[in-house]
Amino acid sequence: MKAIGISGTPGVGKSTVAELVSKKLGIPRVDLSRVVIERRLYTEFDEVRGSYVIDEDAVRKYLRDLYSSIGPFVLDSHYAEVAPREILEIVVVIRLDPMKLIDRLVARGWPMRKIAENVEAELLSVPTLNAVEELGEELVLEIDSTGKNAEIVASEALSVIFGDLPIELGHRIDWLSQLPPERLERVLRFIETHRG
Ligand SMILES: Nc1ncnc2c1ncn2[C@@H]1O[C@H](COP(=O)(O)OP(=O)(O)OP(=O)(O)O)[C@@H](O)[C@H]1O
Ligand SMILES: [Mg+2]
């Protein structure tokens, strides 16, 4: 087994699920955002976006070295695809109905503009597209977490990782075509109102 990436838009439940998966597999969870800050694996702080711009080469080297020294781990990150392909078993992208994501991020007290940006990313499958672009279709799977508790999502993740839950390759979650029209309309209105 190699490292397992758990990706997805902020707030979809990556850390919660990654923690459960790491416990079940008995391997550590690595919270990449935290590592980037603690080890200063960034090039600058983007004042406008309020986030660090990661030093991709430094992050890749860190993860490669970590894998060489400790072996497999669960990589908890919304940009899990920066990990070198050769150390990754798979990347599981957790998806969440954008309306539910709005509720989650509002509950966190985030600025509306930041919420709208992230909800738009979820609506448009940005984390999946980024991972597929970097790693290819075969290494990237998705799980819809909507209406499932974290335990269920974690056990589904384990099933897809170990191949006993058949998930058709190339099958992708697409909220634009899957959401009922009124619900999609509400999400689009939210984004339009707050994105600026
Ligand atoms: N399957 C779930 N059902 C309901 N609530 C959940 C589920 N998974 C996580 N949560 C809750 O949603 C919130 C966000 O979860 P979590 O911190 O794991 O997300 P994250 O993707 O790691 O976010 P970030 O990208 O900001 O680190 C938490 O309050 C968590 O308890
Ligand atoms: Mg997290």
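Modeller: A residue counts as buried under 20% relative accessible area, as exposed over 50%, and as partly exposed in between, using a 1.4 Å probe and protein chains only. This is a predicted model, in which local features need pLDDT of at least 70 and side-chain atom pairs count only at pLDDT 80 or more, whereas totals for chains, interfaces and linings use all residues. Residues are numbered from 1 along each chain as its sequence is written, chains are lettered from A and ligands numbered from 1 in the order in which they are written, and side-chain values use heavy atoms, with hydrogens and water left out.

Colleague: How many bridges join strand β1 to β6?

Modeller: Strands (E, at least two residues) and helices (H or I, at least four) are DSSP runs, numbered from the N terminus. Two strands pair if DSSP finds at least two bridges between them. Ile 4 has Ile 90 in β6 as its bridge partner. Strand β1 (residues 3–7) and β6 run parallel, and the number of bridges that join them is five.

Colleague: How far apart in space are Gly 5 and Ile 90?

Modeller: Gly 5 lies in strand β1 and counts as buried, at 0% relative accessibility. In sequence, Gly 5 and Ile 90 are separated by 85 residues, but from C-alpha to C-alpha the distance is 6.2 Å.

Colleague: How many of the eight residues of strand β6 are buried?

Modeller: Strand β6 covers residues 88–95 and is mostly covered. Five bridges also join β6 to strand β7 (residues 140–144), and these two run parallel. Of the eight residues in β6, the number buried is seven.

Colleague: Which residue in β7 stands opposite Arg 95?

Modeller: Strand β7 has four of its five residues buried, so the rest of the structure largely encloses it. Ile 94 stands opposite Ile 143 in β7. Opposite Arg 95 stands Asp 144.

Colleague: Lys 14 is buried yet has no salt bridge, so what is the nearest side chain of opposite charge, by the rule that Lys and Arg count as positive and Asp and Glu as negative?

Modeller: In that rule, His and the chain ends are not counted. A salt bridge requires a side-chain nitrogen of Lys or Arg within 4 Å of a carboxyl oxygen of Asp or Glu. Lys 14 is found in helix α1 (residues 14–25). At 5.5 Å, the nearest side chain of opposite charge is Asp 76.

Colleague: How far is the backbone oxygen of Gly 8 from a polar atom of the side chain of Lys 14?

Modeller: A polar contact is a pair of N or O atoms within 3.5 Å; within protein, one must be able to donate a hydrogen and the other to accept it, and residues adjacent in sequence count only if both atoms are side-chain atoms. Between the Gly 8 backbone oxygen and a polar atom of the Lys 14 side chain, the distance is 3.1 Å.

Colleague: With which residue does Asp 76 form a salt bridge?

Modeller: The closest N and O atoms of the pair, Asp 76 and Arg 29, are 2.7 Å apart. Asp 76 is in strand β5 (residues 74–76) and Arg 29 in strand β2 (residues 29–31), so the bridge ties together parts 47 residues apart in sequence. Asp 76 is buried at 2% relative accessibility.

Colleague: How far apart are the closest N and O atoms of Arg 60 and Glu 56?

Modeller: Both residues lie in helix α3 (residues 56–70), four residues apart, about one turn of the helix. Arg 60 is partly exposed at 22% relative accessible area, as is Glu 56 at 39%. They form a salt bridge, with the closest N and O atoms separated by 3.7 Å.

Colleague: Which residue meets Arg 183 in a salt bridge?

Modeller: The N to O distance of this pair is 2.8 Å. The pair links distant parts of the chain, 86 residues apart: Arg 183 is in helix α9 (residues 181–194), and Asp 97 is in the loop between β6 and α4 (98–107). Arg 183 is partly exposed, with a relative accessible area of 24%.

Colleague: How many bridges join β3 to strand β4?

Modeller: Phe 45 lies in strand β3 (residues 42–46), and Tyr 42 stands opposite Ile 54 in β4. The hairpin of β3 and β4 has four residues between the strands, and Gly 50 takes a positive phi near 65 degrees there. Strands β3 and β4 (residues 51–54) run antiparallel, and the bridges between them number four.
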